[in-house]
Amino acid sequence: MTRRPVESSVIASVGYDGDERILEIEFHAGRVYRYFLVPRATFDLLMAADSIGNYFNRAIRPRYRGVEVTER
């Protein structure tokens, strides 16, 4: 999945597959996670948020199943 860099102190880049509704987050620490069944509207709100990290912690991390991606 292609990710694009974002302005965040915690998150380095974000990717989204709208067909599969998978959100991929790369953290500055180097870990990458995929979150499943994330609606397009949630992705759009994440990308438009004043603080991407705060929105992620509030609206995505507690609501969507995520798994660490081990292959890079």
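Q: What makes up the largest nonpolar core, and which residues have the most contacts inside it?
A: In this predicted model, the largest nonpolar core has 17 residues, and Leu23, Ile25 and Leu46 are those with the most contacts inside it. Two or more residues come from each of β2, β3, α1 and α2 (52-60). The largest share, 5 residues, is given by α2. As a general point, nonpolar side chains in soluble globular proteins tend to be buried together.

Q: What makes β3 count as largely enclosed by the rest of the structure?
A: A residue is buried when its relative accessible area is under 20%. In β3, 5 of the 6 residues are buried, so this strand is largely enclosed by the rest of the structure.

Q: How do you know that β3 pairs with β2 and with β4?
A: Pairing needs at least two bridges between the strands. β2 and β3 have 6 bridges, in the antiparallel sense, and β3 and β4 have 5, also antiparallel. Both counts meet the cut-off, so both are pairs. For example, aspartate 17 stands opposite isoleucine 22 in β3, while isoleucine 25 has tyrosine 33 of β4 as its bridge partner.

Q: What lies between the strands of these two hairpins?
A: The β2 and β3 hairpin has 4 residues between its strands, and arginine 21 in the turn has a positive phi of about 55 degrees. The β3 and β4 hairpin has 4 residues between its strands too, with glycine 30 in the turn at a positive phi of about 105 degrees.

Q: Why are β1 and β5 called edge strands?
A: The open sheet has 5 strands in the order β1-β2-β3-β4-β5, with antiparallel pairing. β1 (4-5) and β5 (66-69) each pair on one side only, and they are the edge strands. On its paired side, β5 meets β4 (residues 32-36) over 4 bridges in the antiparallel sense. Within that pairing, valine 32 has valine 69 as its bridge partner. Helix α1 (residues 40-48) packs on the sheet and touches β1, β2 (11-17) and β3 (22-27), and its direction makes about 155 degrees with that of β2.

Q: Why is α1 called roughly antiparallel to α2?
A: The two helices pack at an angle of about 150 degrees, with their axes 8 Å apart. Angles over 145 degrees count as roughly antiparallel, so α1 is roughly antiparallel to α2. Thr42, Leu45 and Leu46 of α1 make the contact with Ile52, Tyr55, Phe56 and Ile60 of α2.

Q: How do you know on which side or sides of α2 its buried residues lie?
A: The buried residues of α2 are Ile52, Gly53, Tyr55, Phe56, Ala59 and Ile60. They cover an arc of only 160 degrees around the axis, so they sit on the same side of α2. Those buried residues pack against β2, β3, β4 and α1.

Key:
Residues numbered from 1 in each chain as written. Predicted model: local features only at pLDDT ≥ 70, side-chain atom pairs only at ≥ 80, totals over all residues. Heavy atoms only, no water. Contact = heavy atoms within 4.5 Å. Axes fitted to C-alpha atoms, helices over the stretch in contact; angles between N-to-C directions. Core = buried A, V, L, I, M, F, W, Y, C linked by side-chain atoms within 4.5 Å. Buried < 20%, exposed > 50% of the residue type's maximum accessible area, 1.4 Å probe, protein only. Arc of directions from axis to C-beta. Parallel < 35°, antiparallel > 145°, perpendicular 65-115°, else oblique.
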